[in-house]
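Take a look at the model below. Then read on for a short tour of its helices, its sheet and its ligand site.

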Amino acid sequence: MATANKSHWENIYTTKSPNQVSWTQDKPNEALTFLEQSNISKSDNIIDIGGGDSLLVDHLLEMGYTNITVLDISEAAINRAKKRLDHKAENVTWITSDILEFKPDTTYQFWYDRAVFHFLTDKADIAQYKQLVNTAADKNLVIGTFSKKGPLKCSGLEISQYSESSLSELFSEQFDLKHSKTLDHKTPFDTIQNFTFCHMVKNN
Ligand SMILES: C[S@@+](CC[C@H](N)C(=O)[O-])C[C@H]1O[C@@H](n2cnc3c(N)ncnc32)[C@H](O)[C@@H]1O
């Protein structure tokens with residue numbers, strides 16, 4: 001299953017350009033807004049989970065953040081982002097891993113996941129992700145998924161939809177909800193995808 005998932009994403013990133021996939025954003029506006037509200041310092045650890053070839057890392061470097069990690073299951077995605085950033089890529093920690101196999105050796109003060117957690121549809125996988133953030137995200141946890149009004153699939157794969165309350169409740173043992181919203185993402189092919197975003201903060 002994990003191998004099939006990896007092959008799916010390697011295939012996507014070797015055959016499709018950014019304007020051929022639904023999640024592409026010209027500017028990751030919501031990530032930048034949540035970051036602004038998160039009160040972290042430029043040297044705090046930031047991780048973009050399933051960052052793919054998102055431009056978030058470019059903006060973070062531009063803004064002067066110095067401890068940025070991008071994790072993705074697809075090596076092709078990471079290579080694409082590295083190529084785009086050229087020498088600036090050396091200032092980023094790149095991790096090719098399935099999120100469920102990630103064994104962090106540090107903690108992150110800003111954990112950002114846009115449209116990755118929602119691929120977990122199995123209860124045990126969701127519990128495992130929760131366990132991971134409980135130990136590795138020690139301040140801000142921002143997760144964006146398709147909402148209850150959003151698509152049922154992403155990149156042709158089944159997803160779990162969340163409301164603002166179902167998403168925040170799932171992480172509520174260790175994280176308090178700071179802010180949540182639903183928003184429409186306009187895809188490069190002019191369709192609309194409704195997302196739920198929750199910005200949660202560690203409660204201990
Ligand atoms: C829908 S795309 C979103 C990309 C990016 N977060 C964004 O907002 O532009 C999902 C991304 O998650 C990655 N991904 C999917 N399943 C993953 C997993 N189990 N572990 C790590 N990355 C995963 C994919 O390779 C892809 O880059």
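The model is a predicted one.

Now look at α3 itself. Its buried residues are Leu56, Val57 and Leu60. Seen down the axis of α3, these residues fall within an arc of 95°, so they line one face of the helix. What covers them includes α2, β1, β2, α4 and β3.

Helix α2 spans residues 29-36, and its buried residues are Ala31, Phe34 and Leu35. They cover an arc of only 100° around the axis, which puts them on the same side of α2. Asn29 and Glu36 are exposed on the other side of α2. The cover over the buried residues of α2 includes α3, β4, β5 and β9.

| Helix | Residues | Buried residues | Arc of buried residues |
|---|---|---|---|
| α2 | 29-36 | Ala31, Phe34, Leu35 | 100° |
| α3 | 56-63 | Leu56, Val57, Leu60 | 95° |

Next comes the sheet. Strands of a sheet pair through backbone hydrogen bonds, either parallel or antiparallel. Here 7 strands form an open sheet, with mixed pairing, in the order β3-β2-β1-β4-β5-β9-β8. Which strands sit at the edges? They are β3 (92-96) and β8 (175-186), and each pairs on one side only. From one strand to the next, the twist averages 15°.

Zoom in on one pair. β4 and β5 pair in the parallel sense over 6 bridges. Tyrosine 108 has alanine 137, in β5, as its bridge partner. Helix α2 lies across β4, β5, β8 and β9. It runs at about 155° to β4.

How many residues surround the ligand? There are 20, and the closest are Trp9, Gly50, Gly52, Ile99 and Arg114. Sorted by class, the shell has 10 nonpolar, 7 polar and 3 charged residues.

One last stop is serine 165. This residue lies in helix α6, which spans residues 164-170. Is serine 165 buried, exposed or partly exposed, and why? A residue counts as buried with 20 or more other C-beta atoms within 10 Å, and as exposed with 12 or fewer. Serine 165 has 13 such atoms within 10 Å, so it is partly exposed. Serine 180 is 15 residues away from serine 165 along the chain. The C-alpha atoms of the two serines are separated by 8.7 Å.

Notes. Residues are numbered from 1 along each chain as its sequence is written. This is a predicted model: local features need pLDDT of at least 70, side-chain atom pairs count only at pLDDT 80 or more; totals for chains, interfaces and linings use all residues. Helices (H or I, at least four residues) and strands (E, at least two) are DSSP runs, numbered from the N terminus. The arc is that of the directions from the helix axis to the C-beta atoms. Two residues are in contact if their C-beta atoms, placed from the backbone, lie within 7 Å. Two strands pair if DSSP finds at least two bridges between them. Axes are lines fitted to C-alpha atoms, for helices over the stretch in contact, and angles run from 0 to 180 degrees between N-to-C directions. A residue is near a molecule or strand if its C-beta atom, placed from the backbone, lies within 6 Å of it. Ala, Val, Leu, Ile, Met, Phe, Trp, Tyr, Cys and Pro count as nonpolar, Asp, Glu, Lys and Arg as charged, and the others, Gly among them, as polar.
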